[in-house]
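The sequence and the structure come before the text.

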Amino acid sequence: MKSPLRYYAPCSLGLEPVLRAELEGLGARGCHELKGGVRFRGDVALGYRACLWLRSAIRVQLELAQAEVHREQALYDFIRDQEWERYIDNAGTVAVSAALNSSFLTHSQFAAQLVKDAVVDRFRDLTGDRPSVDIKEPDLPIHLFLNRDHATLSIDLAGRSLHKRGYRDAEQHKSPLNEALAAGLVLASEWDLETPLVDPMCGSATLLIEAARMVRDVAPGLQRSFAFERWHDLDKDVWSSLFDEAEERQAAGAKRSVPIEGADSHPGSVVLARRAADAAGVGDMIRIRHTDAKLWEPSFRPGMVLTNPPYGERIGHDDELERSWRALGDFLHRQKGATAWVLSGNPQATQFLRLSSERRMPVANGGINCRWIRYQIRGETP
Ligand SMILES: C[S@@+](CC[C@H](N)C(=O)[O-])C[C@H]1O[C@@H](n2cnc3c(N)ncnc32)[C@H](O)[C@@H]1O
């Protein structure tokens, strides 16, 4: 039996247990949580499946090789010895990233340059020509991790970050949640995919769109392409059967529907939210209202509220912030019996909700330390 491949999937800090559960659900073995990602093992199909189906991961890296290297020359030789021509030819493009921890090299850019030179030199020697560099959308994204003298070399199956699902257009909300983080928060809330759901400050509706796509069993990667599809070693049969299966699941789930509504006080956000929901194939399931949370009455009784109010680090000024959180508090107090999860990056703001939390899950949102906070709104059950 072939030995399993070794993979690593990074995610937002705090989402590791969510990602691990997703991976185990896909059949990954040996899952091991690290800070900001999960290491796992499996076959080639699992790597493709992970790109297509993982909702909370940012990328999927395949580990190619490890070595002890004590000097620049040894690192260069190690890189140059890899069979890069298995993946691309000299018409392809590469990009290299590097991370260093207490290593003999001190500048990650220098390390990345050295890796790039070694790859390019191998092609030049073999063919007389060389691949070029494309940092935006390389055919072969390469990553070096140098932990003291221990080098780990990986390639990224996804290419563009997995949060880029393909449903968001160029015009963006000024403070959108990253789709992978939004999906991870929905999964962490343990929403049952049935309970009526609302977001009273939905912005471009990322939480609601990701939730609706779970209901419809839409693979998050179905509307985009991946770097591995351009590699010479692509197993076309495996990939096309996985893709066909995802299309069949999407077709089977197309009629499923759960009451989902969102509201936002900013008219521009409402336009963006509707457009994104349509592009994501769930526009018929999600209703978006232009209204203030303070006054909003959803058209059904929600059992679950998931929301990401402004937290000041990025948008809103202090008075505005207090008004928004008080408005959210007013809305939540009316949802007797519901469970609410609120993303907060501002510990002072949560006091304006006038509710006691039940659980606080630390999670990072674009470098801001946040808490995904659970509230049980006391009263009759909906
Ligand atoms: C951080 S953004 C939400 C981003 C959203 N999660 C997304 O992915 O696009 C916060 C949103 O709260 C909205 N907001 C602030 N105060 C509000 C209020 N009183 N009622 C309704 N919406 C409000 C803002 O217009 C903004 O769109």
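The model is predicted. It contains an open sheet of 8 strands with mixed pairing, in the order β2-β3-β1-β4-β8-β7-β5-β6. β2 (29-34) and β6 (132-133) are the edge strands, each pairing on one side only. β1 (residues 5-10) pairs with β4 (residues 61-68) in the antiparallel sense, over 2 bridges. Tyr-7 stands opposite Leu-62 of β4.

Helix α2 (residues 44-53) lies across β1, β3 (37-42) and β4, and runs at about 15° to β1. Helix α4 (residues 108-127) also packs on the sheet, where it touches β5 (93-101), β6 and β7 (140-147). The direction of α4 makes about 140° with that of β5.

## The packing of α5 and α6

Two packed helices are described by the angle between their axes and the distance between the axes. For α5 (residues 179-188) and α6, the angle is about 65° and the axes are 9 Å apart. The crossing of α5 past α6 is right-handed. On the α5 side the contact is made by Glu-179, Ala-182, Ala-183, Leu-185 and Val-186. On the α6 side it is made by Thr-206, Leu-207, Glu-210, Ala-211 and Met-214. By class, the residues of this contact are 7 nonpolar, 1 polar and 2 charged.

In α5, 10 of the 10 residues are buried, so the helix is largely enclosed by the rest of the structure. Among these buried residues are Glu-179, Gly-184 and Ala-188. The buried residues of α5 pack against α1 (16-25), α6, β12, β13, β14 and β15 (368-376). Just after α5, Glu-190 takes a positive phi of about 55°.

α6 is also largely enclosed by the rest of the structure, because 8 of its 10 residues are buried. The buried residues of α6 include Thr-206, Glu-210 and Arg-213. Their cover includes α5, β9 (197-199), β10, α8 (267-279), β11 (286-290) and β12 (304-307). Just after α6, Asp-217 has a positive phi of about 60°.

## The ligand shell

The ligand is surrounded by 22 residues. The closest of them are Met-201, Gly-203, Ser-204, Thr-206 and Ser-324. Thr-206 is also one of the α6 residues in the contact with α5, and it is buried.

Three elements each supply at least two residues of the shell: α6 (206-215), β10 (260-264) and α9 (318-334). By class, the shell has 9 nonpolar, 10 polar and 3 charged residues.

## A loop residue, Phe-352

Phe-352 lies in the loop between β13 (339-344) and β14 (357-365). Is this residue buried or partly exposed? Phe-352 has 18 C-beta neighbours inside 10 Å. A buried residue needs 20 or more and an exposed one has 12 or fewer, so Phe-352 counts as partly exposed.

Leaving aside neighbours within four places in sequence, Phe-352 is in contact with Glu-322, Trp-325, Arg-326 and Gly-329. Phe-352 and Leu-15 are 337 residues apart in sequence, and their C-alpha atoms are 26 Å apart in space.

Note on methods. Residues numbered from 1 in each chain as written. Predicted model: local features only at pLDDT ≥ 70, side-chain atom pairs only at ≥ 80, totals over all residues. Near = placed C-beta within 6 Å. Helix = DSSP H or I, 4+ residues; strand = E, 2+ residues; numbered from the N terminus. Nonpolar A, V, L, I, M, F, W, Y, C, P; charged D, E, K, R; others polar. Pairing = 2+ DSSP bridges. Contact = placed C-beta atoms within 7 Å. Axes fitted to C-alpha atoms, helices over the stretch in contact; angles between N-to-C directions. Left-handed = near helix turned anticlockwise from the far one by under 90°.
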